[in-house]
Amino acid sequence: MARKAGRYVLLCVIAFIVILPIYTAIVASLKPGTRALKYPESLNPATDLTTQTLSDAWHLGHLDRYMVNSVIVAIAIMLGQLVTSVLAGYAFANLRFPLKRLLFTVFIPTLSVPAEVTIIGNRET
């Protein structure tokens, strides 16, 4: 029983460590200007919350256009991956071609490596 309680305490501590920066960022973004920088007071969400700072950042930074661009790029990438994945799946399942097993053996592990892992290598080359 004590071991289980210890696990829950450890999980609560880790959750607090993970959630605290997110909480701080959200509360600071809802405070006006210099009020966000006052340390002990800035963590208290009950005082001076406003969405004006977020609204100003959205309009001054033209974030609406950036959001539209991000959506367009995300949809284009998703459709491209969908088409190529369906075609590759069909080819591997139904067609016979030389080196099919070798190509499939090389293809499957590359799916398990996220693109973010290759960013540093791509920047160096």
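Helices (H or I, at least four residues) and strands (E, at least two) are taken as DSSP runs and numbered from the N terminus. The structure is a predicted model, in which local features need pLDDT of at least 70, side-chain atom pairs count only at pLDDT 80 or more, and totals for chains, interfaces and linings use all residues. Residues are numbered from 1 along each chain as its sequence is written, and side-chain values use heavy atoms, with hydrogens and water left out.

Helix H1 spans residues 2-29. Lys4 is placed in this helix and counts as exposed because its relative accessibility is 52%; buried means under 20% relative accessible area, exposed over 50%, and partly exposed in between (1.4 Å probe, protein chains only). Between Lys4 and Ala28, which are 24 residues apart along the chain, the C-alpha separation is 36 Å.

A nonpolar surface patch is formed by Val9, Leu10, Val13, Ile14, Phe16, Ile17, Val18, Ile19, Leu20, Ile22, Tyr23 and Ile26, which together have about 1100 Å² of accessible area. Patches are made of residues with over 30% relative accessible area and no salt bridge, with like charges joined within 9 Å and nonpolar side chains (Val, Leu, Ile, Met, Phe, Trp, Tyr) within 5 Å. A salt bridge is a side-chain nitrogen of Lys or Arg within 4 Å of a carboxyl oxygen of Asp or Glu. Accessible areas come from the Shrake-Rupley method with a 1.4 Å probe, and for residues only the protein chains shown count as cover. Val13 lies in H1 and, at 43% relative accessibility, is partly exposed. Val18 is also found in H1 and is partly exposed, with a relative accessible area of 49%.

Two loop residues have a positive phi. His62, in the loop between helix H3 (52-60) and H4, has a phi of about 55° although it is not a glycine. At 51% relative accessibility, His62 is exposed. Leu99, in the loop between H4 and H5, has a positive phi of about 60° and is likewise not a glycine. The relative accessibility of Leu99 is 61%, so Leu99 counts as exposed. Most residues other than glycine have a negative phi.

The axes of H4 (residues 63-94) and H5 (residues 100-111) come within 11 Å and cross at roughly 140°. Axes are lines fitted to C-alpha atoms, for helices over the stretch in contact, and angles run from 0 to 180 degrees between N-to-C directions. H4 and H5 are therefore oblique to each other; angles under 35 degrees count as roughly parallel, over 145 as roughly antiparallel, 65 to 115 as roughly perpendicular and the rest as oblique.
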